[in-house]
Each structure stands twice: as structure tokens, then as C-alpha cells.
Amino acid sequence: MANNAVKRTSLYDFANPVRFEAIAGRVFPFALFGALTLGALGLYFGLFNSPADYQQGDTVRIMYVHVPAAWMALFCYSSMAASSAAGFIWKHPLADVAAKETAPIGAGFTFLALLTGSLWGKPMWGAWWAWDARLTSVLILFFLYLGYMALWRAIPDKTRAARLAAILAIVGFVNVPIIKFSVDWWNSLHQPASIIRADGPTIHSSMLTPLFLMISAYMLAYIAMLLAAMRNEMMARRLARLEDADAVRPASVVEPGAVRT
Amino acid sequence: MNAFAAIIVRDVALAFRAGGGALQAASFFALTIVLFALAIGPDLTLMQRIAAPALWTGALLATQISLEQIYRPDREDGSLDVLVETSDTLAFVALAKAAGHWLSTGLVLIAATPVLALLLNISGAALVPLILSLLIGTPGLSLIGAFAGALTAALPRAGLLIAIIVSPLYAPILIFGAGAAAAGAAGDPQYSANLMLLGASSLFAAVISPLASAAALRFNLD
């Protein structure tokens, strides 16, 4: 049948490193451009073109940076665990690289969420840090990222590091809801419920627009950073292989008549 | 099941012989409590209030420093290869290793707790909930810790890395454990809820940890 000759695109085509390189190179500028444009729009709407909160005043604008960062912190951990599972099951190096390179980006978003949460807390709670359930569980999530990254760094052999780190990511992912639940419980036991909640009434659409723009910008920024980091990592691995080959050659091939001084 | 018991007996025997870590972990536990008391000063009422959280934290840290000993010596002398090659189900081996660790560390820490609790001026009514919470919670610490030990079995200096990996995963057990001890001492009705959640955490670890440890061990052989 002539139809059989028509090539069907499957997920495996994207898993081919050479194809990935080409696609990543084409997608990257769009993702970056989109992230910057939407980010600028979101910040404009968030900082200038949205109402101040009747209770919190202008500090509520921290939300447009803070809430999407907290979402991305969880999203990156989930996608790290999903890539890890894919890498663990199909033993595909691209999935391993995706998981590895997601970790620092996710940790960055987590740190941003913690930092802006702390900046928000100062005027709201009167302290840089309150052991609020959400802040605390995000802090633990940050340490989960650090543990994952530390394990990758500690194991010299890349394949072994990928498998072991994948197991850790999956175990961590399974534990995230339990940690979240336990911290909520801990918080309700130990702390009087006197904190002014950031999320009072249902959110108005004038606040939803910048929030939506910002989450899209963050997502595109994640895609752009991930693609760039994955290409870098793969180039670095190729370079390391070439250097290994170079290091072997002079020792084995000695030109006759070459005089060493 | 015979092999299961044999692994436990072997690990406990090794831990209590010269160079084993059982008594070192207990000494470390005692020393953390002493250092902690030195840091807060001789205020007995304050000590009584923070005795249970301090003892829970001390037991957790003492467990952490002993985790490196679960798999690394076995990997170095080759017995891990034998265990992996000869076992039908590696997850059962991992469960036995965690059980051996608990018997030689967790149980020893619990045995040391009443004395240390006396030093911290804990009341008799608070001691029972504390011991009970440790009895239910420390198996979970050993299980999750054994997983971290399995992950890092091939690394020469894994102590600090194990602490970084395992501490976030310990958060629920610490919260429910210290919570149960505090609620029990205060006669709070949330005591039993905390104990049950603590038991659930330990049981959950008993399912996840052997499977994950077995997967990790396979990649840590040469």
C-alpha cells in the first residue's frame, strides 16, 4: 500500500536526540519571546492596571509574582517525577536529561515563591517568616529539590545517577501530598488561626487577567529554560566524549621520528 | 522467611559487636540531649515543656547518622552482591535490613529515652505517650532511612547527603510523632488521631521503602 510509506509522527520521533535538537532549536525563540511578552503584559496589568486590595493595599500585587511561582514549584516537581518515571521505564537519556534539568529550574521557582512569600509576610504578618502551613510545605519542597540535585552531583556515573535520582524523585513525589497534609495538621495544632488570609473573597476578574498572563509567562519561561538547559547538557556530554577520545589518542599513537624535547 | 530472620539476626549481631553502630547511636542521642540542655540553660519548667520535641528530634538525628551503616559495609565486603544474587525477592531483603536497623538502633534509642526524659524533667504522665509514639514512629524512620542508605550505598562519603535526602521525607513522622507525644502529655483528645496517623506513615513507609530500596540496590552493584 502506498499509504504505508507515509511517515506517521509518533512520540518516539521527539525522543530522537537529533530531532529533539532541531525541534528545540526552533521552539526555543518562540517560547522565550512569548515568556517575555506575556511577562511584560502581566506585570503591566498586575502592577498598574489592576485594583489594590481593600485590605492589603498595594502589597497584594506581590501575588502576581508569588502565586504563579508557587504553582510552578509544584508543576516542575510533578514534571520532574514524570520524566524520571519515563526515564526509569524506557531508559531514555532524553527523559533523564529533562528530569535533571527541571530540578534547578523548579528549585528556582520554589525559591522565588519563598522569597516573595516572605516579602509579602513582612507587611501582612509583621514578620519575614511565619510558620504558615503553605510556606512551610513549600520550604520542605525546596529541600526535596536540593536533595535530588545533591544526589545527581554525588554520583559520578551519569547512567547510574539518572536511575537512582529517578527513584528518589518518584519516592519524593509520592510523599509530597503526605508532607503537605502533615504540615497542614501541624500548623492547625500549633498555631492560633489569627493569620490574615491572603485569599479572602473570591477573586475578581481584573486580578485574574494578570494572574493568567503571569502563569502563562512562567510556563513559557520554564519551557525555554528547560530546552536551553537540555541542549547545553547534551552538548556538554558530547564534548566530554570527544575530549575522552582526544585524551586517548596521543598516548596510543606515537609518530615515528617525532622528537620530544 | 528463614533468610529474612537470618539477615535480621546477622545485622543485629554485627551492630552490637565491636565497631557496630548501635551503642554509638545511643551515645550520640544522649549527647544531643545534653548539648541541647546546656544550650537552653538549667530552667526545669522550660525543659519540661520542650522535652518531648527535643527527644524526638534527638532520636531522629541519631537515626540519621546510623543510616550509612545499613548497606555500605555490605557493599564494600561483597555481601550485598550475595544478598542480591541469592534472594528471590529483593524487597524482602530490604525489609529485613530495615528491621535489623530498627532493632539495633530504634529500639536502643527507645530504651535510652526514659533516662534522658528524666534528665529533662519530664512528668510520668508524659513519658508513656512519648515512648508509645517513638515505638510507632521509629520503624518508619528506619524504613525511610534504609531507602536513603540504599540510594547512596556506592558512595564513599554519603553521611551528609543522606541527611539532606532523608530530612524532608522525615517531616510527617516528626510532626505526628512529636504531636502525639505533646497531645498525650496534655491529655488532648487529638492524641489517638496523631498516633494513628503516625502508624499510617510508618506502614506507608513499610510498603514504599522496600520496593524503592530494592530498585536502588540493583543499580548500586558493580
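Buried residues account for 34% of the 261 residues in chain A, and keep in mind as you look around that this is a predicted model. Take the contacts in chain A between residues at least 6 apart in sequence: 78% of them join residues at least 24 apart.

Now turn to chain B. Here you'll count 9 helices and, again, 0 strands, with the elements running α-α-α-α-α-α-α-α-α from the N terminus on. The radius of gyration of chain B is 18 Å, close to the 17 Å that the globule rule gives for 222 residues, so chain B is as compact as a globular protein of that length. Along the principal axes, the C-alpha atoms of chain B fill a box of roughly 55 × 35 × 30 Å. Of the 222 residues in chain B, 55% are buried. As for contacts in chain B with a separation of 6 or more, residues 24 or more positions apart make up 81% of them.

That leaves the place where the two chains meet. On one side are 24 residues of chain A, in contact with 21 residues of chain B. Which elements of chain A give two or more residues to the side that touches chain B? They are α5 (133-154) and α6 (158-190) of chain A. The largest share comes from α6(A), with 15 residues. Sort the side of chain A that touches chain B by class and you get 19 nonpolar, 3 polar and 2 charged residues.

Definitions and conventions: Residues numbered from 1 in each chain as written. Chains lettered and ligands numbered in written order. Predicted model: local features only at pLDDT ≥ 70, side-chain atom pairs only at ≥ 80, totals over all residues. Contact = placed C-beta atoms within 7 Å. Helix = DSSP H or I, 4+ residues; strand = E, 2+ residues; numbered from the N terminus. Nonpolar A, V, L, I, M, F, W, Y, C, P; charged D, E, K, R; others polar. Buried ≥ 20, exposed ≤ 12 C-beta atoms within 10 Å, placed from the backbone. Rg over C-alpha atoms; globule rule 2.2 N^0.38 Å.
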